[in-house]
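User: I would like a close look at one part of the entry shown below, followed by an account of its surroundings.

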Amino acid sequence: MTPDNAVDEVHKRLQDTNIRIAYGAEVIKLDLAEVLTEAYKQYDASLLHIRYLLAEWLEVKESYITRLERGEANPNIETIGKIFGAMGLRIKFLIEPLDR
């Protein structure tokens, strides 16, 4: 499959509401992982140190923080706020089409 065909296939599949819902639920976890990485850079701490601090501050296991970093965890809004608040940061949401 060529890249153009793959893009066309994604556009075609995203016409289905159930697929859009499932895709949206997964892509937001990956977006959170990406934003978390950017936040670490702003916080200016080593990855191991910030992971340890966040786990301590939030009273969770470091493995949970690792899962967040990999886009594998499903945190609630309050937890997301606590994570960024602990680093003195605020997260803002950007709305754009799923197929970007």
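In which helix do Glu-9 and Arg-13 both lie, and how many residues apart are they?

Analyst: Glu-9 and Arg-13 both belong to helix α1, residues 3-13, and stand 4 residues apart, about one turn of the helix. Helices here are DSSP runs of H or I with at least four residues, strands are runs of E with at least two, and numbering starts from the N terminus. This is a predicted model, in which local features need pLDDT of at least 70 and side-chain atom pairs count only at pLDDT 80 or more, while totals for chains, interfaces and linings use all residues. Residues are numbered from 1 along each chain as its sequence is written, and side-chain values use heavy atoms, with hydrogens and water left out.

The two residues form a salt bridge, and their closest N and O atoms are 2.8 Å apart; the term requires a side-chain nitrogen of Lys or Arg within 4 Å of a carboxyl oxygen of Asp or Glu. Glu-9 counts as partly exposed because its relative accessibility is 25%. The classes are buried under 20% relative accessible area, exposed over 50% and partly exposed in between, with a 1.4 Å probe and protein chains only. pLDDT is the predictor's confidence in each residue, from 0 to 100. The mean over the protein chain is 86, and 97% of its residues reach 70 or more.

In α2, Glu-26 and Lys-29 are 3 residues apart, about one turn of the helix, and their side chains meet at 3.2 Å, N to O. Glu-26 is partly exposed at 43% relative accessibility, whereas Lys-29 is buried, with a relative accessible area of 14%. In α5, Glu-78 and Lys-82 are 4 residues apart, again about one turn, with a salt bridge of 3.6 Å, N to O. At 54% relative accessibility Glu-78 counts as exposed, and Lys-82, at 45%, as partly exposed.

Thr-79, Ile-80, Ile-83 and Phe-84 are the buried residues of α5. They lie on the same side of α5 because they cover an arc of only 125° around its axis, the arc being that of the directions from the helix axis to the C-beta atoms. The face turned away from this buried side carries the exposed residues Ile-77 and Glu-78. The cover over the buried residues includes α2, α3 and α4. Just after α5, Gly-88 takes a positive phi of about 75°.

Ile-83 and Phe-84 return in the largest nonpolar core, which has 16 residues; Ile-65, Leu-68, Ile-83, Phe-84 and Met-87 have the most contacts inside it. At least two core residues come from each of α2 (17-43), α3 (47-58), α4 (62-70) and α5 (77-86). Such a core is a set of buried Ala, Val, Leu, Ile, Met, Phe, Trp, Tyr and Cys residues joined through side-chain atoms within 4.5 Å. Not counting residues up to four places away in sequence, Met-87 touches Leu-36, Ala-39, Tyr-40, Tyr-43, Ile-50 and Leu-54; contact means heavy atoms within 4.5 Å.

Helix α3 also holds Arg-51, which counts as buried because its relative accessibility is 13%. Leaving aside neighbours within four places in sequence, Arg-51 is in contact with Glu-62, Ile-65, Thr-66 and Glu-69. Its side chain makes a polar contact of 3.4 Å with that of Thr-66 and another of 2.6 Å with that of Glu-69. A polar contact is a pair of N or O atoms within 3.5 Å; within protein, one must be able to donate a hydrogen and the other to accept it, and residues adjacent in sequence count only if both atoms are side-chain atoms.

The loop between α3 and α4 contains Glu-59, which has a positive phi of about 60° although it is not a glycine. Glu-59 is exposed, with a relative accessible area of 72%. Glu-34, in helix α2, is also exposed, with a relative accessible area of 55%. Its C-alpha atom is separated by 8.4 Å from that of Gly-71, 37 residues apart along the chain.
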